[in-house]
Amino acid sequence: MAKGRIEVSETLCKGCELCTAVCPKKVIHMATDRFTPKGYHPAALVDPNGECTGCAICAVICPDAAITVYRWVPQGKAA
């Protein structure tokens, strides 16, 4: 199974929560313990079990292009 992770640019994130709604693994949550420079709670990957597949649905729906997706391809599949 593919593995992935995301990084959210807190400079760009406006806390719209669209990414949390579309994540099939439900591993994106709003970080209620901090604020972005614009005063919003940013989205954050909360994935202690490594469930993120790097599907990029969150990045596609993000209206501010605040999400970068990294996906690991298994050694035998890279071609």
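Predicted model: local features only at pLDDT ≥ 70, side-chain atom pairs only at ≥ 80, totals over all residues.

Residues are numbered from 1 along each chain as its sequence is written, and side-chain values use heavy atoms, with hydrogens and water left out.

**Exercise 1. Work out the order of the elements from the N terminus on.**

Step 1: count the elements, taking helices (H or I, at least four residues) and strands (E, at least two) as DSSP runs numbered from the N terminus. You get two helices and four strands.

Step 2: read them off in order, which gives β-α-β-β-α-β.

Step 3: for scale, the C-alpha trace spans about 45 × 25 × 20 Å along its principal axes.

**Exercise 2. Find the largest nonpolar core and the residues with the most contacts inside it.**

Step 1: set the rules. Buried means under 20% relative accessible area, exposed over 50%, and partly exposed in between (1.4 Å probe, protein chains only). A nonpolar core is a set of buried Ala, Val, Leu, Ile, Met, Phe, Trp, Tyr and Cys residues joined through side-chain atoms within 4.5 Å.

Step 2: apply them. The largest core has 14 residues, and Ile6, Val8, Cys19, Ile28, Ala43, Cys58 and Ile67 have the most contacts inside it. Strands E1 (3–8) and E2 (28–30) each supply at least two of the core's residues.

Step 3: zoom in on Ile67. Skipping residues up to four places away in sequence, its contacts (heavy atoms within 4.5 Å) include Ile6, Val8, Cys19 and Cys58.

**Exercise 3. Is Thr20 buried or exposed?**

Step 1: locate Thr20 in helix H1, residues 18–22.

Step 2: check its relative accessibility, which is 18%, so Thr20 counts as buried.

Step 3: look around. The Thr20 side chain reaches the backbone oxygen of Glu17 at 2.7 Å. Beyond four places in sequence, Thr20 is in contact with Lys26, Ile28, His29 and Met30.

**Exercise 4. Is Pro24 buried or exposed?**

Step 1: find Pro24 in the loop between H1 and E2.

Step 2: its relative accessible area is 52%, so Pro24 is exposed.

Step 3: list its partners. Leaving out neighbours within four places in sequence, Pro24 is in contact with Cys55 and Ile57. Pro24 and Glu51 are 27 residues apart in sequence, with their C-alpha atoms 9.9 Å apart.

Terms used
Polar contact = N/O pair within 3.5 Å; in protein donor to acceptor, adjacent residues only side chain to side chain.
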